[in-house]
Amino acid sequence: MTQTVRGVISRAKAQPVEVVDIVIPDPGPGEVVVDIQACGVCHTDLHYREGGINDEFPFLLGHEAAGVVESVGPGVTNVEPGDFVVLNWRAVCGQCRACKRGRPHLCFDTFNATQKMTLTDGTELTPALGIGAFADKTLVHEGQCTKVDPAADPAAAGLLGCGVMAGLGAAINTGAVNRDDTVAVIGCGGVGDAAIAGARLVGAKQIIAVDMDNRKLDWARDFGATHTINARDLDPVKTIQDLTDGFGVDVVIDAVGRPETWKQAFYARDLAGTVVLVGVPTPDMTLEMPLIDFFSRGGSLKSSWYGDCLPERDFPTLISLYLQGRFPLDKFVSERIGLDQIEDAFHKMHAGEVLRSVVVL
């Protein structure tokens with residue numbers, strides 16, 4: 001049997017999204033149907049709508065989600081109906097070269113559901129990041145479901161599925177920020193503020209937030225920034241150095257992903273410091289710098305994919321910290337909206353008016 005539910009799709013590049021009926025098949029081997037309770041509106045969904053990921057339209061958008069397992073297919077062992085889960089797009093395979101070398105957080109061959117969700121006329125849909133959660137229900141691989149404490153607010157919990165985990169993981173996992181470290185975060189939207197919150201969580205002694213929007217700098221202070229720099233008014237590199245006795249910080253996280261912000265991150269770090277790129281550049285962006293600077297300054301230059309997270313390890317821990325009041329996950333929820341308000345949410349996100357709009361179902 002199949003079931004028909006509401007979902008939000010993008011039919012063509014840069015066209016407004018639509019709420020339509022979609023068909024969900026019964027779960028096959030290794031698959032799970034999840035009743036979606038909440039899904040964040042992420043920049044990645046906008047990239048899909050704009051054709052910035054690929055051209056496999058129509059897309060079923062949404063991926064930053066939490067819900068309850070409705071049904072499972074043959075062979076599913078890690079979840080069962082009634083489990084509260086956060087969805088993730090890194091379903092670790094256990095067999096690729098990264099997994100076999102003990103680095104499952106870098107899995108190169110993650111799983112998705114085998115069957116396709118469709119429109120009512122049979123047109124196959126491409127689910128965003130293999131999830132497609134702007135819908136009443138979705139079909140995913142069992143490895144994309146991470147069971148967490150059901151006491152968590154779904155609107156907050158689902159944000160671990162992408163943006164919050166990307167930022168926090170960039171600080172804690174990729175950047176290895178530790179107690180007494182000095183940290184700078186360039187770009188204070190949802191991902192950057194998650195990096196700030198992560199740095200605060202592990203005890204960084206100084207957290208410097210950089211942005212060109214005073215509203216975002218206010219958000220950054222709320223998440224734990226000890227100092228803020230408006231890059232319209234001050235040179236970020238010099239100001240960061242001035243705040244750190246002329247040395248620069250131990251770790252700089254670039255949550256923007258542009259050549260100019262990456263250069264700022266590179267020169268704002270201390271000798272042998274670390275740069276973490278978590279903001280996503282576009283394919284046309286290039287970087288030109290003196291090679292001697294790379295050699296003479298030492299340290300580490302890293303990119304962070306999904307915060308180098310391992311969902312089954314990180315999600316339950318972060319939900320526990322949130323429920324203990326030690327991690328302010330709920331502060332990332334700016335507003336709660338319906339499926340028919342997603343297009344408006346894209347505009348608010350692009351204008352920097354919200355950290356996260358969350359679709360509640």
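Guide: In this predicted model, helix α5 passes helix α6 in a right-handed crossing. The axes of α5, which covers residues 190–201, and α6, which covers residues 214–223, come within 8 Å and cross at roughly 25 degrees. Angles under 35 degrees count as roughly parallel, and α5 and α6 are therefore roughly parallel to each other. On the α5 side the contact is made by Asp193, Ile196, Ala197 and Arg200, and on the α6 side by Trp219, Ala220, Asp222 and Phe223.

Ile196 belongs to the largest nonpolar core, which has 52 residues, and together with Ile253, Leu329 and Phe332 it touches the most other members. Helix α4, residues 163–174, gives the most to this core, with 6 residues, and the core draws at least three residues from each of domain 1 (3–161 + 328–360) and domain 2 (167–304). Phe332, for its part, touches both Asp193 and Phe223, and its other contacts include Leu159, Val164 and Leu355, when residues up to four places away in sequence are not counted.

Val177 is found in the loop between α4 and β11 (182–186), and Val177 is buried, with a relative accessible area of 5%. Leaving aside residues up to four places away in sequence, Val177 touches several residues, among them Ala171, Ile172, Ala199 and Val251.

Technical notes: Residues numbered from 1 in each chain as written. Predicted model: local features only at pLDDT ≥ 70, side-chain atom pairs only at ≥ 80, totals over all residues. Heavy atoms only, no water. Core = buried A, V, L, I, M, F, W, Y, C linked by side-chain atoms within 4.5 Å. Buried < 20%, exposed > 50% of the residue type's maximum accessible area, 1.4 Å probe, protein only. Helix = DSSP H or I, 4+ residues; strand = E, 2+ residues; numbered from the N terminus. Domains from an automatic or database assignment. Contact = heavy atoms within 4.5 Å. Axes fitted to C-alpha atoms, helices over the stretch in contact; angles between N-to-C directions. Parallel < 35°, antiparallel > 145°, perpendicular 65-115°, else oblique. Left-handed = near helix turned anticlockwise from the far one by under 90°.
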